[in-house]
Amino acid sequence: MLKNIILYIVVFTVVGATSFFLQDQLLSNAEPYFIPLLKKAYTFHYVFSLVLVIVFFIAAKNNSFFQQLGFLYMAALVFKITLFAMIFYPYLLGERIMRQLYRGMLLIPILIFLFLEVFFIAKIMGNKSL
């Protein structure tokens, strides 16, 4: 169990850090306010997704929760996107003036960590159902 949790932490850290640094290098001449904002977006998705995968890994051990894990994941995904939109609303749709490129770049961490979430949660649920 501890081995799997450490694996999740390592994979999320390596993929998240690599994608952040690649995106940072791609935007080497970005506005000065954008890189700290991008770091906050990556941190938000890293923490939320990692905690979600670990909670699902632990919850999958309980047979009474296993049948509802798919529905719980959908609710958690809606909650995550809603919370992200509330926190970053001024930058995505609000009164902050940002170029469309930067707004689109804020959505890249969503896609990266969503892929990792779905991959690991599908693997957890697939292993349990066998």
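Reader: In which helix does His45 lie, and what makes that stretch a helix?
Author: His45 belongs to helix H2, residues 34–59. A helix is a DSSP run of H or I with at least four residues, a strand is a run of E with at least two, and the numbering starts at the N terminus. The model is predicted, so local features need pLDDT of at least 70 and side-chain atom pairs count only at pLDDT 80 or more, while totals for chains, interfaces and linings use all residues. Residues are numbered from 1 along each chain as its sequence is written, and side-chain values use heavy atoms, with hydrogens and water left out.

Reader: Why is His45 called buried?
Author: Buried means under 20% relative accessible area, exposed means over 50%, and partly exposed is in between (1.4 Å probe, protein chains only). The value for His45 is 1%, so His45 counts as buried.

Reader: What is His45 in contact with, and what counts as contact?
Author: Contact means heavy atoms within 4.5 Å. With neighbours within four places in sequence set aside, His45 is in contact with Leu50, Lys80, Phe84, Pro109, Ile110 and Phe113.

Reader: Why is Pro109 called buried, and what does Pro109 touch?
Author: Pro109 has a relative accessible area of 0%, so it is buried. Pro109 sits in helix H7, residues 108–129. Not counting residues up to four places away in sequence, Pro109 touches Leu38, Ala41, Tyr42 and His45. Pro109 and Gln23 are 86 residues apart in sequence, and their C-alpha atoms are 9.9 Å apart in space.

Reader: Why does Gln23 count as buried?
Author: The relative accessible area of Gln23 is 4%, and therefore Gln23 is buried. Gln23 is placed in helix H1. Its contacts, again without residues up to four places away, are Leu38, Tyr42, Met105 and Ile108.

Reader: How many salt bridges does a search of the whole structure find, and what makes a pair a salt bridge?
Author: The search finds one. The term requires a side-chain nitrogen of Lys or Arg within 4 Å of a carboxyl oxygen of Asp or Glu. The side chains of Glu117 and Lys80 meet at 2.6 Å, N to O, so the pair qualifies under the cut-off. The pair links distant parts of the chain, with Glu117 in helix H7 and Lys80 in helix H4 (residues 69–87), 37 residues apart.

Reader: Are Glu117 and Lys80 buried or exposed, and how do you know?
Author: Glu117 has a relative accessible area of 0%, so it is buried. Lys80, at 3%, therefore counts as buried too.

Reader: How do you know that the length of H4 agrees with its number of residues?
Author: The expected span is 1.5 Å times one less than the number of residues. For the 19 residues of H4 the span should be 27 Å, and the end C-alpha atoms are 26 Å apart, which agrees.

Reader: Which residues of H4 are buried, and why are they said to line one face?
Author: Leu69, Tyr73, Ala76, Leu77, Lys80 and Phe84 are buried in H4. Viewed down the axis of H4, the buried residues fall within an arc of 105°, so they line one face of the helix. The arc is that of the directions from the helix axis to the C-beta atoms. Phe71, Met74, Val78 and Met86, on the other side of H4, are exposed.

Reader: Why is Phe12 called buried?
Author: Phe12 has a relative accessible area of 0%, so it is buried. Phe12 lies in helix H1, where the buried residues also include Ile5, Tyr8 and Gly16. Phe12 and Ser49 are 37 residues apart in sequence and 8.5 Å apart in space, C-alpha to C-alpha. Beyond its neighbours within four places, the contacts of Phe12 include Ser49, Phe113 and Glu117.

Reader: Why does Ile6 count as partly exposed, and what makes its surroundings a patch?
Author: Ile6 has 45% relative accessibility, so it counts as partly exposed. Ile6 lies in helix H1, residues 2–26. Patches are made of residues with over 30% relative accessible area and no salt bridge, with like charges joined within 9 Å and nonpolar side chains (Val, Leu, Ile, Met, Phe, Trp, Tyr) within 5 Å. Leu2, Ile6, Val10 and Val14 make a nonpolar surface patch of about 370 Å². Accessible areas come from the Shrake-Rupley method with a 1.4 Å probe, and for residues only the protein chains shown count as cover.

Reader: How many helices and strands are there in the protein chain?
Author: The protein chain has seven helices and zero strands. Buried residues make up 37% of its 130 residues.
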